[in-house]
Amino acid sequence: MDDLGAMNYSLTLLEQEECESVCARFLIDDFSTVPAAQLAQMRREGLLDEENRPRLMREKHVQYLRKGLAGLSGGFVALDASRPWLVYWIIHALDLLEALDDDAEIKQRCISTLRACRAEGAFGGGPRQLAHLAPTYAATLALCCIGSNEAFETIDRPALYQFLLSMKDASNGFRMHDDGEVDVRGTYTAIAVAALTNVLTPQLVEGVAEYAASCQTYEGGFGGEPGVEAHGGYGFCAIATLCILDACHLVDLDALDAWVARRQTSIEGGYQGRANKLVDACYSFWQGGTAQLSAHARRGDPHHIEAPQGVRWRPGTTSADVPAATPIQEIVDPIKLQRYILLCAQVFPDGGLRDKPGKGRDYYHTCYALSGLSASQHPDCTAPATVSGSPANLLPRTHPAFNCRPEKVSRMLDHFSGLPDL
Amino acid sequence: MASFAAAFADVAPIEQDDGPAPVCAIAYAPEYARLMGFFRAILESNERSPRVLELTAALAEHNAAHYTVWHVRRECLWALASNDASILTDELRYSAEVARENPKNYQIWYHRRALVEKIGQAAAADELALISTALRDDAKNYHAWSNRLWVLKTYGGWAGELEFCTALLDADVYNNSAWNHLYQVKAQLGCDPVEEVRSTLERLNHARENESAWVYALAFAKSDERAAAALLAHCEGAEGVRSQMALVELLKTSDPGRASTIARRLAELDATRARYWRRRAEGLGNGT
Ligand SMILES: [Zn+2]
């Protein structure tokens with residue numbers, strides 16, 4: 001090292017170097033160099049396929065997810081105001097693993113649990129809790145994953161619309177709940193729910209795109225409120241809001257792309273949430289989805305009702321026709337990202353996915369790591385998929401603006417577009 | 001717990017109804033379940049009293065993310081404070097403790113904001129001090145930085161912020177949150193863009209590949225020609241990948257051909273972003 005000593009001390013650098021060296025131990029290029037006994041275990045437990053290619057441990061993840069539906073220990077009390085989130089994280093992950101649709105009993109039980117969380121026409125974090133936009137979003141998306149008329153009928157659309165309107169703030173952002181914070185997360189969750197239930201009225205959306213756009217910072221990404229540091233989670237909320245509202249012209253997409261491309265870490269391959277922070281698997285979706293939405297915005301897709309299945313969200317078109325669009329030009333490295341998810345984020349041998357090596361698995365990271373894996377396999381829904389490791393790792397697509405399978409999104413849109421205007 | 005049972009002896013608890021065969025049911029600790037039974041009854045009766053205030057504190061200890069609990073707590077506080085203003089001062093002390101224990105919790109930081117808003121200007125300076133303490137423990141705490149910006153925008157106090165940012169950047173020049181805050185402070189107080197580039201380059205001396213500093217300098221170069229010229233002069237002949245990235249931005253209008261050539265080279269130097277750099281190179285036309 002140099003002679004600057006203490007002057008050069010940086011906690012950021014120390015943590016980054018530590019993280020890189022830990023991840024490097026998991027990112028094995030050639031598994032034939034691994035000791036035979038260890039290799040045999042990796043194959044037996046499903047981390048590698050018969051050709052020693054990294055494998056998505058589907059069976060183990062499904063097992064872990066189903067265990068969560070069956071019941072959670074007292075340690076989960078910190079999520080007692082996030083019950084609809086738990087349901088959404090788990091059933092969307094199961095849906096991506098193609099383990100939801102045949103399970104009529106689970107779908108039924110999910111509907112009845114979500115019904116118990118209804119409040120003021122929207123949803124609360126649990127039974128008898130105050131209506132809140134985040135669980136309202138999670139519940140709506142969970143019902144979208146379930147996809148039956150019975151699921152859709154759980155939603156009291158006129159009352160939901162009144163709730164959404166009442167959360168709109170003078171800034172044109174949305175408040176999370178009565179006497180709650182206003183930020184771009186509240187804004188996205190309100191707009192996504194309104195889009196899916198077909199209540200995006202002029203009154204609801206007026207000024208909202210401008211609010212989301214005002215959260216773009218000099219870095220190119222978006223913060224949670226105007227002026228606050230650019231952050232992957234809030235950035236996704238902002239660009240998804242703008243895509244849903246067809247208003248991406250309000251922001252600097254070049255600057256956004258430059259920012260999101262810089263968020264992919266070079267050694268680890270996964271994304272960080274902010275500049276000079278550590279990699280975290282949940283950003284596989286938040287940042288990966290942002291890159292995808294930006295690419296679709298550049299191509300003009302959000303403006304076209306005939307946009308390809310997978311990004312189209314406007315109801316009323318069911319034709320499979322795909323416009324002759326220019327191919328999406330990716331800006332990130334999908335193989336590197338997928339290797340991070342498979343080798344660093346999968347918990348071996350128990351299943352479930354995690355933020356990074358050294359952390360425990362949880363349902364949030366399992367959901368968003370799998371969603372990010374899907375997004376990175378399908379950067380362009382009109383082109384062939386890109387799959388790292390075993391070909392059996394291929395997941396179905398997820399809609400980049402809502403994070404639910406596109407055919408499910410279409411089904412929900414078709415249902416609600418058939419209802420009269422409010 | 002026994003004391004709560006006594007205090008709420010006149011209240012019939014309401015059990016949680018999850019519906020038939022619920023999913024994701026949590027096996028609550030008996031104490032939490034009992035307290036929640038009283039809390040649900042209070043939600044029905046709308047009682048806002050000192051005992052309810054205590055109940056919310058006990059529940060927040062089990063689950064600090066329980067936003068309904070915090071909401072009811074605020075309603076109690078606002079109701080009780082009309083007779084006794086010291087309630088709010090006590091609450092500042094109590095919630096500072098909770099924030100220290102749950103630094104990444106949305107609800108407690110919003111609670112602080114609501115409390116400061118209620119008290120007004122008089123609480124602003126102490127709030128900045130509390131946030132400074134939180135940032136000593138975690139210099140990138142997103143909630144703390146958001147609240148800091150909110151306090152400044154609402155109540156002023158910008159003058160001390162330059163020193164604050166400098167100290168944090170001296171401690172860790174890679175702290176992107178501190179760079180972002182510095183940018184907000186400069187935007188508020190006004191500054192000379194050339195001077196911003198110069199002082200940033202000085203910090204880059206010891207951290208050549210620090211993205212945060214480069215992006216900060218480029219923001220001033222984007223809005224000011226002299227700042228752009230100063231940064232360009234530094235980048236010409238400078239070592240490192242980030243200086244090449246900066247050159248693409250600085251030359252994209254004045255010399256797109258050269259910018260394109262550099263972008264093409266970056267596709268190799270910065271291989272993770274090869275696709276991005278190739279797209280940039282194409283967009284800039286044919287380099288030489
Ligand atoms: Zn995460």
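Okay, let me start with a term: a residue is buried when its relative accessible area is under 20%, exposed when over 50%, and partly exposed in between, using a 1.4 Å probe and protein chains only. Now some housekeeping. This is a predicted model, so to speak: local features need pLDDT of at least 70, side-chain atom pairs count only at pLDDT 80 or more, and totals for chains, interfaces and linings use all residues. Residues are numbered from 1 along each chain as its sequence is written, chains are lettered from A and ligands numbered from 1 in the order written, and side-chain values use heavy atoms, with hydrogens and water left out.

On to the fold. Chain A has 17 helices and 4 strands, taken as DSSP runs numbered from the N terminus (helices: H or I, at least four residues; strands: E, at least two). Of its 422 residues, 65% count as buried. The C-alpha trace spans about 65 × 55 × 50 Å along its principal axes.

Now, helix 14, residues 283-299 of chain A. From first C-alpha to last it reaches 23 Å, close to the 24 Å expected at 1.5 Å a residue, where the expected span is 1.5 Å times one less than the number of residues. Is helix 14 mostly covered or mostly open? Mostly covered: 16 of its 17 residues are buried.
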